Amino acid sequence: MDMSRRNFISGCTSATVLGLAGCATSNVAPVARKDSDLIWCMYQQLGSHMWNSAVKFPLAENGHFCGESTTIEDDSWERRMAATKKNGCNMLCVDLAEGLLYPSHPELGLKGSRTPEWMNARVRKLRDMGIEAIPSLNFSSAHNYWMGHWSRRVSTPEYYKTVADLLADAYDIFEKPSFINFGMDEENEDCTKRDYFSFRRQGDLLWHDIDFYAKTISKLGARPW
């Protein structure tokens, strides 16, 4: 392991550093926005199985920790997209989780997960409204229950391959988004100590994995957030 906090920061491109630290989201934006260089972003969940409270026991028949199904309301999506436009926002950050049927890993999808075509249609509709859709895949150990058995195989060679697959899927479905959010702000003791299966990365391993996410996203052509 040759990645430490010092090496991570000194080796980062400006895009990586700013992508991680310089893109605040806001639920309130001016209706008459004049500065087009600023990001005014709202947040919308697609999946909902990102928390300890979503874990089911015993495990579902499909082997997923979060049960057999997920609930996504199309009407709620239409209202949120309209609200994003009304509030003068130019970006909508979409937390995908188990809500998307990933082409490379369909086993992560549940009953009710949306197809790539469903998501892509909304990406395009938002673009027509002047709003960029940004995918978010939260890889923090405090929020990765949506990854099924991969949530307990973190930092293995197979896990890194899966992460790269999922990020590539999101990049394609969102049609080359300028950013991809990968979470990780809650990889700490306070956010994991009460989990049923409690672990966290720290030290050089934590910085190695953050660097991996960032570089994988950069290679796709997006900016790590």
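I searched the whole structure for salt bridges and found 8. I counted a salt bridge where a side-chain nitrogen of Lys or Arg lies within 4 Å of a carboxyl oxygen of Asp or Glu. The model is predicted, so I noted its limits: local features need pLDDT of at least 70, side-chain atom pairs count only at pLDDT 80 or more, and totals for chains, interfaces and linings use all residues. Residues are numbered from 1 along each chain as its sequence is written, and side-chain values use heavy atoms, with hydrogens and water left out.

I looked up Asp 74, which forms a salt bridge with Arg 114. Their closest N and O atoms are 2.8 Å apart. The pair links distant parts of the chain. Asp 74 sits in helix H3, and Arg 114 in the loop between S2 and H4, 40 residues away. Helices (H or I, at least four residues) and strands (E, at least two) are DSSP runs, numbered from the N terminus.

**Entry: H3 and H4**

Next I took helix H3 (residues 74-86) with helix H4 (residues 116-128). They pack at about 20°, their axes 11 Å apart. That angle makes H3 roughly parallel to H4 (angles under 35 degrees count as roughly parallel). Axes are lines fitted to C-alpha atoms, for helices over the stretch in contact, and angles run from 0 to 180 degrees between N-to-C directions. On the H3 side I listed Asp 74, Trp 77, Glu 78 and Met 81. H4 brings Trp 118, Met 119, Arg 122, Lys 125 and Leu 126. Contact means heavy atoms within 4.5 Å. By class I noted 5 nonpolar, no polar and 4 charged residues. Ala, Val, Leu, Ile, Met, Phe, Trp, Tyr, Cys and Pro count as nonpolar, Asp, Glu, Lys and Arg as charged, and the others, Gly among them, as polar.

**Entry: the sheet**

I then traced an open sheet of 3 strands, ordered S1-S2-S3 with parallel pairing. Two strands pair if DSSP finds at least two bridges between them. Strand S1 (41-45) and strand S3 (132-136) are the edges, each pairing on one side only. Neighbouring strands are turned by 25° on average, direction ignored. S1 and strand S2 (residues 91-95) are joined by 5 bridges. Gln 45 stands opposite Asp 95 in S2. H3 lies across S1 and S2, at about 175° to S1.

**Entry: H5 and H7**

Last, I checked helix H5 (residues 157-173) against helix H7 (residues 203-220). The angle is about 35°, with axes 10 Å apart. Among the residues that meet are Tyr 159 and Leu 167 in H5, and Phe 212 and Ile 217 in H7. This contact divides into 12 nonpolar, 2 polar and 1 charged.

Technical notes:
Angles under 35 degrees count as roughly parallel, over 145 as roughly antiparallel, 65 to 115 as roughly perpendicular and the rest as oblique.
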